[in-house]
Amino acid sequence: MEDENLAKIPGRIKELRNIMEVSALDMAKEMNITLETYNQYESGGLDIPISVLYKISAKLGVDATVLLTGEDPRMDTASVCRAGRGVKIERYPGYEFTSLAYNFKGRTIEPLMVYLDPSKKASGPVTHSGQEFNYVVEGKIKISVGKKEYILDAGDSIYFNADLPHAQSAAEGPARFLTIIQEL
């Protein structure tokens with residue numbers, strides 16, 4: 001997704017929130033963040049973490065694809081995502097996320113391709129409900145889950161409880177991994 005479309009996400013959120021008559025304060029409480037942080041998400045001053053984006057879509061009763069693209073997902077039998085055609089979701093420092101199944105209605109998992117840029121400072125650990133699977137496609141990544149650290153090479157994978165604080169970073173140069181997130 002182009003940067004122009006990324007810039008439209010905060011406006012879509014604000015418009016839907018107003019239509020649903022949900023206050024910014026109620027949204028901040030639901031996300032367990034300060035009103036100031038929520039307002040920065042809605043104004044485009046801060047990039048919206050993926051876990052927050054999914055909480056926002058749940059609170060507003062829409063698929064996250066609506067927030068990302070402005071359109072409802074259309075496919076219910078199969079959805080093909082051609083190389084380089086996924087929807088860019090967020091830009092944590094050092095992370096580039098691309099949604100690979102954004103056009104499938106009623107997804108119960110979220111497959112994402114993640115590119116790790118070692119020249120940028122990695123973000124801190126995150127938590128979200130559910131479970132997560134990471135498969136290293138290229139490079140080497142360091143994954144922390146809870147208090148443990150793992151170094152994974154291309155072809156290695158890890159499955160873990162996403163309620164535990166976790167973070168991924170490039171261990172030696174750029175890296176790419178597939179993550180599949182299932183929120184419970």
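With which side chain does the side chain of Arg-107 make a polar contact? In this predicted model, the partner is the side chain of Glu-110, at a distance of 2.9 Å. Arg-107 itself is found in the loop between strand E2 (95-99) and strand E3 (110-116). A polar atom of the Arg-107 side chain also lies 3.0 Å from the backbone oxygen of Phe-104. The relative accessible area of Arg-107 is 18%, and because residues under 20% are counted as buried, Arg-107 is classed as buried. When neighbours within four places in sequence are left aside, the residues in contact with Arg-107 are Asp-63, Ala-64, Thr-65, Pro-73, Ala-101 and Tyr-102.

In helix H3, which covers residues 35-43, the buried residues are Tyr-38, Tyr-41 and Glu-42. Viewed down the axis of H3, these buried residues fall within an arc of 95°, and they therefore line one face of the helix. Such a pattern can be related to helix geometry, because an α-helix has 3.6 residues a turn, so that residues three or four places apart point the same way. On the face of H3 that is turned away from the buried side, the exposed residues Glu-36 and Ser-43 are carried. After H3 comes Gly-44, which has a positive phi, near 85°.

In helix H4, spanning residues 50-60, eight of the eleven residues are buried, so this helix is largely enclosed by the rest of the structure. The buried residues of H4 are Ile-50, Ser-51, Val-52, Leu-53, Tyr-54, Ile-56, Ser-57 and Leu-60. H4 is followed by Gly-61, and the phi of this glycine is positive, near 70°. The largest nonpolar core has 38 residues, of which Ile-13, Ile-48, Leu-53, Ile-56, Ile-89 and Ile-141 touch the most other members. H4 supplies the largest share of this core, namely six residues.

Attention then turns to the strands, which in a sheet pair through backbone hydrogen bonds, either parallel or antiparallel. Three strands form an open sheet in the order E6-E5-E8, and their pairing is antiparallel. E6 and strand E8 (166-170) stand at the edges with a single partner strand each, so that one side of each is left without a neighbour in the sheet. From one strand to the next, the twist averages 20°. Strand E5 (residues 140-145) pairs with strand E6 (residues 148-153) over six bridges, and within this pair Ser-144 has Glu-149 in E6 as its bridge partner. These two strands form a hairpin with two residues between them, and in the turn Gly-146 has a positive phi of about 65°. The pairing of E5 with E8 extends over five bridges, again in the antiparallel sense, with Lys-142 standing opposite Ser-169 in E8.

A further antiparallel pair is made by strand E4 (residues 131-138) and E7, which are joined by five bridges; here Asn-134 has Ile-158 in E7 as its bridge partner. Strand E7 (residues 157-161) has Ile-158 and Phe-160 on a covered face, whereas Ser-157, Tyr-159 and Asn-161 make up the uncovered one. This division can be read beside the general rule that, in a regular strand, the side chains alternate between the two faces of the sheet.

Conventions: Residues are numbered from 1 along each chain as its sequence is written. This is a predicted model: local features need pLDDT of at least 70, side-chain atom pairs count only at pLDDT 80 or more; totals for chains, interfaces and linings use all residues. Side-chain values use heavy atoms; hydrogens and water are left out. Buried means under 20% relative accessible area, exposed over 50%, partly exposed in between (1.4 Å probe, protein chains only). Helices (H or I, at least four residues) and strands (E, at least two) are DSSP runs, numbered from the N terminus. The arc is that of the directions from the helix axis to the C-beta atoms. Two strands pair if DSSP finds at least two bridges between them. Axes are lines fitted to C-alpha atoms, for helices over the stretch in contact, and angles run from 0 to 180 degrees between N-to-C directions. A nonpolar core is a set of buried Ala, Val, Leu, Ile, Met, Phe, Trp, Tyr and Cys residues joined through side-chain atoms within 4.5 Å. A polar contact is a pair of N or O atoms within 3.5 Å; within protein, one must be able to donate a hydrogen and the other to accept it, and residues adjacent in sequence count only if both atoms are side-chain atoms. Contact means heavy atoms within 4.5 Å.
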